[in-house]
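Colleague: Could you walk me through how to read helix packing and a sheet in a model like this?

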Amino acid sequence: GKGFTDLFDVLVQSWSVPEFISKGRLATYDFVSIKSDGVTQRLIDSLQKRGADGDYQNKEMDMLLNKKPSIERLYQSLEEFGKDRKGIVYAINISHAQKITKLYQEHGVNAIAIDSKTPAAERQQDIEAFKKGDIQVLVNVDIFSEGFDCPDVEFVQLARPTLSLAKYLQMVGRGLRVAKGKKNCVIIDNVGLYRVFGL
């Protein structure tokens, strides 16, 4: 119930994302999202249950969004906004990641899925192939939220709704690293997160 003024004189605040961009420390980005009255947004708005962490419940997200029509909409967005770009897709769970990967591969996209059950050696091999450009799209479940270093990521596709600002910033942040030859990053928001957190 007491303040910290006897311990600290100054509150040091970080630059904002626009400041980091203007100083050349973060990449510029284009942000595209689903319509507020579209099918996917209505499904997300209908999510009622919460997990122990206060976020959407995985089981309910899976039941509503891990269906072929939703996954086909993800592919259409990728085709329209991320074609020929290297990027990361954030899926709800392992099954969702595998179905996304399978559909992308069927359409000729060089994609692989990585999750907590992927053996460490195989995961490392896949990440190296992605970094070298041998793999175009990494579909993952909470693996590349933080601490993953691949600055030349050119798109991030959000296929997993969240109520966690930290999770949102970590996902988007994977695409905002600056890299030589990288023009910008496209954030493909297939779950309407900018309506929850802003840009």
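This is a predicted model: local features need pLDDT of at least 70, side-chain atom pairs count only at pLDDT 80 or more; totals for chains, interfaces and linings use all residues.

Modeller: Residues are numbered from 1 along each chain, and side-chain values use heavy atoms, without hydrogens and water.

Colleague: At roughly what angle do the axes of α4 and α5 cross?

Modeller: Two packed helices are described by the angle and the distance between their axes. Here α4 (residues 68-81) and α5 (residues 94-106) cross at roughly 55 degrees, their axes coming within 10 Å. Axes are lines fitted to C-alpha atoms over the stretch in contact, with angles from 0 to 180 degrees between N-to-C directions. That makes α4 oblique to α5 (under 35 degrees is roughly parallel, over 145 roughly antiparallel, 65 to 115 roughly perpendicular, the rest oblique).

Colleague: Which residues in α4 and α5 meet?

Modeller: Among them are Ile 71, Leu 74 and Leu 78 in α4, and Ile 100 and Leu 103 in α5; contact means heavy atoms within 4.5 Å.

Colleague: What is the order of the strands in the open sheet?

Modeller: Strands pair through backbone hydrogen bonds, either parallel or antiparallel. This open sheet of 6 strands runs β1-β6-β5-β2-β4-β3 with parallel pairing (two strands pair if DSSP finds at least two bridges between them). β1 (29-33) and β3 (111-114) stand at the edges with a single partner strand each, so one side of each has no neighbour in the sheet.

Colleague: Which strands does α5 touch?

Modeller: α5 packs on the sheet against β2, β3, β4 (137-140) and β5.

Note on methods
Helices (H or I, at least four residues) and strands (E, at least two) are DSSP runs, numbered from the N terminus.
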